[in-house]
Amino acid sequence: MENNKGILLESGTNELEIIEFELQNSKFGINVIKVKEIIQPVPTTKIPHAHPIVEGIIQLRGEVLPVINLAKALDMEMGAEADPAKEKFIVSQFNKQSVIFRVHNVTRIHRISWEQIEKPSQMYQGSAVHVVGVIKRNDEMVLLVDFEKILLDIDPESGIHTDRIKKLGKRERSEKRIMVAEDSPLLRKLLHDTLMEAGYVHTEFFENGKDAFAYLQKQAEQGDAAKLVDFVITDIEMPQMDGHHLTKKIKEHSILSSIPVVIFSSLITEDLKHKGEMVGAEGQVSKPEIEELVLLMDKLMNGK
């Protein structure tokens, strides 16, 4: 494709690049943005009483990193068909954490649109939701793994907690109308409880940017400015429409453009902040820094 580097510099295109990898005979994907590098496996140092899916730790360029057996995390134990010679360590960074995932093989990198990614059905997911999207490519399917959920399973304290908001002291009830676009059911529930604790009691949740923007457009068409959403919080990685594209569409809309948008994502790093700035977001906060999000909401809406 022309301008191959462009996607990494451009924002709001509703596209992403994924690294495709294998566990057993199934194909999975991880957003390139989450990957620092891919290395050959090295021996790990075992940690007593570690979580069952944590193989141990290794030292990489002076940093001590945990190694997670992804097959075990997804209940796909390594079988006879897994070739140790093809195994790889995917060195990842998100949620302000660095972690390594052991996979059976890394096959390719390709670019796709978020529109090609479907939300997995609860019927075949069951209660252990570790897949956030299904990519249909020709005759095969690639599953996008919920890596954040895996880390939360290992360390529940690393997630969002209402206790953090209680530390901010007693808070007044706010009549502001908040809209949240977040594809994870778990995070929607945590955000609902936390925003309620923070006094933001009027909150609408949507599981992707496409549904969120349709709702905003409908509000704009009704022409009642008093009922318009006061504030938008969006994740980045979502099936159908990602948060950068949603932000761009809001900021390009004649009526919606004045609504403050804050991106709340595991992908917010100093290297990637320019992407949110390019699409016009008023703020960007890394998960799970919920206190920072609430304080930014207070600041941005006080002047409205």
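## An exposed glutamate to start from

E115 has a relative accessibility of 57%, so E115 counts as exposed (exposed means over 50% relative accessible area, buried under 20%, and partly exposed in between, with a 1.4 Å probe and protein chains only). You will find E115 in the loop between β8 (105-113) and β9 (117-118); helices (H or I, at least four residues) and strands (E, at least two) are DSSP runs, numbered from the N terminus. Setting aside neighbours within four places in sequence, E115 is in contact with N14 and Q240, where contact means heavy atoms within 4.5 Å.

## What the model is

This is a predicted model, in which local features need pLDDT of at least 70 and side-chain atom pairs count only at pLDDT 80 or more, while totals for chains, interfaces and linings use all residues. Residues are numbered from 1 along each chain as its sequence is written, and side-chain values use heavy atoms, leaving out hydrogens and water.

## Aromatic pairs

A search of the whole structure turns up four aromatic pairs. Rings of Phe, Tyr and Trp (its six-membered ring) pair if their centres lie within 6.5 Å; planes under 30 degrees apart count as stacked, over 60 as edge-to-face and the rest as tilted. F21 and F28 are stacked because their ring planes meet at 20 degrees, with the centres 5.9 Å apart. Both of these phenylalanines are buried. F206 and Y215 make a tilted pair, 4.9 Å centre to centre and with 45 degrees between the planes. Here F206 is buried at 14% relative accessibility, whereas Y215 is partly exposed at 24%.

Ring pairs also link F94, F101 and F147 into a cluster. The charged end of K34 sits over the ring of F94, 5.6 Å from its centre; this term asks for NZ of Lys or CZ of Arg within 6 Å of the ring centre and within 35 degrees of the ring normal.

## Nonpolar cores

A nonpolar core is a set of buried Ala, Val, Leu, Ile, Met, Phe, Trp, Tyr and Cys residues joined through side-chain atoms within 4.5 Å. The largest one has 29 residues, and F21, L23, I68, L70, F101 and I150 touch the most other members. Two or more residues come from each of β1, β2, α2 (70-73), β6 (88-94), β7 (97-103) and α4 (147-154). Another core of 20 residues lies apart from it, and its members include A198, V262, V285 and L296.

## Backbone points to check

Most residues other than glycine have a negative phi, and most peptide bonds are trans. Q24, which is not a glycine, has a positive phi of about 55 degrees. Q24 lies in the loop between β1 (15-23) and β2 (26-31) and is buried at 17% relative accessibility. H49 is another non-glycine residue with a positive phi, near 60 degrees. H49 belongs to the loop between β3 (35-39) and β4 (54-60) and is exposed at 85%.

K287 and P288 are joined by a cis peptide bond, with omega about 0 degrees. P288 sits in the loop between β16 (283-286) and α10 (290-302).

## Helix α10

α10 has 13 residues and reaches 18 Å from its first C-alpha to its last, close to the 18 Å expected at 1.5 Å a residue; the expected span is 1.5 Å times one less than the number of residues. Its buried residues are I290, L293, V294, L296, M297, D298 and M301. An α-helix has 3.6 residues a turn, so residues three or four places apart point the same way.
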